[in-house]
Amino acid sequence: MTSRFTGRVALVTGASRGIGLAVARRIVAEGGRVCLTARKEDGLRDAVASLGPEYAIGVAGRSDDEEHRSSTVARVLDAYGRLDVLVNNTGINPAYGPLLDLDLGAARKTLEVNVVAALGWVREAYRGWLGAHGGAVVNVASVAGLRPAGGIGLYGVSKAALIQLTAQLAMELGPAVRVNAVAPAVVKTRFATALYEGREEEVAQAYPLRRLGVPADVASAVAYLASDDAEWVTGQTLAIDGGITLTGGV
């Protein structure tokens, strides 16, 4: 394991489990310190304990709460004195089915959490540290944001917006801040269970690499984009998909 994050600090949202926790674990393994956020205090406490209190802190709250975003960035700066990397991992998908049948309240909530809150986190991090000192932002999008997918259309719309937000912010925040995204296909997390549970082998057969993703697959890509190894990369979205988009699938 390299030491690409020695002396650096990352804020990872939605990080009590799954992809977010895997990202935090990778950053710590490479010498960094992290602040994790999540809605539930108990899960967050366990996540911090698994990383070690000398390497991680946790701040519970909702990503779509402006006060939570502001106080979390302030907490990071108070605890560590800097903030080099922001990973926007929080995402929700409360609605399933055709777009014309969706509850518009659920649609608004999805866009608020998956897109507007991500922008809010970037604004807080930029004003608090990144604007003056530079750094990197990595947004966790989805292959559903690259092409239509049955049943999760609104989720895909929100992730397509996040991908466009990534490109726009890269234009506006360079050269001090690099902004990139990853677009995972089905990754074996609690969030995606409904997409493969009870038929994992069948689902995996559609992938050229014949397996579904695991959180560590995404974490390694996020670590690359957040590190100096990607110092000439900005505004890009990297598909972490086992090759599924080559087949026309999602």
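So, Arg4 and Glu30: these two form a salt bridge, and their closest N and O atoms are 2.7 Å apart. By salt bridge I mean a side-chain nitrogen of Lys or Arg within 4 Å of a carboxyl oxygen of Asp or Glu. The pair links distant parts of the chain, with Arg4 in the segment before strand E1 (9-12) and Glu30 in the loop between helix H1 (18-29) and strand E2 (33-38), 26 residues apart. Helices (H or I, at least four residues) and strands (E, at least two) are DSSP runs, numbered from the N terminus.

Quick word on where this comes from: it's a predicted model, where local features need pLDDT of at least 70, side-chain atom pairs count only at pLDDT 80 or more, and totals for chains, interfaces and linings use all residues. Residues are numbered from 1 along each chain as its sequence is written, and side-chain values use heavy atoms, with hydrogens and water left out.

Okay, buried or exposed: which is Arg4? Buried, at 19% relative accessibility, and Glu30 is buried too, at 0%. The cut-offs are under 20% relative accessible area for buried, over 50% for exposed, and partly exposed in between, using a 1.4 Å probe and protein chains only.

Arg4 also has a salt bridge with Asp229, closest N and O atoms 2.9 Å apart. Asp229 sits in the loop between helix H7 (215-226) and strand E7 (237-240) and Arg4 in the segment before E1, so this pair ties together parts 225 residues apart in sequence. Asp229 itself counts as exposed, at 52%.

Next, Asp64 and Lys109, which meet in a salt bridge at 2.5 Å, N to O. Asp64 is in the loop between strand E3 (56-60) and helix H3 (66-80), and Lys109 is in helix H4, so parts 45 residues apart get tied together. Asp64 is buried at 16%, while Lys109 is partly exposed at 35%.

What lines the largest cavity? Thr13, Asn88, Asn89, Thr90, Val113, Ala117, Ala118 and Trp121, each with an atom within 4 Å of a point. Helix H4 (residues 104-133) gives the most, with four residues.

Technical notes. On a 1 Å grid over the protein atoms alone, a cavity is a set of points where a 1.4 Å probe fits but cannot get out, and a pocket is an open set with protein on both sides within 12 Å along at least five of seven lines; lining residues have an atom within 4 Å of a point.
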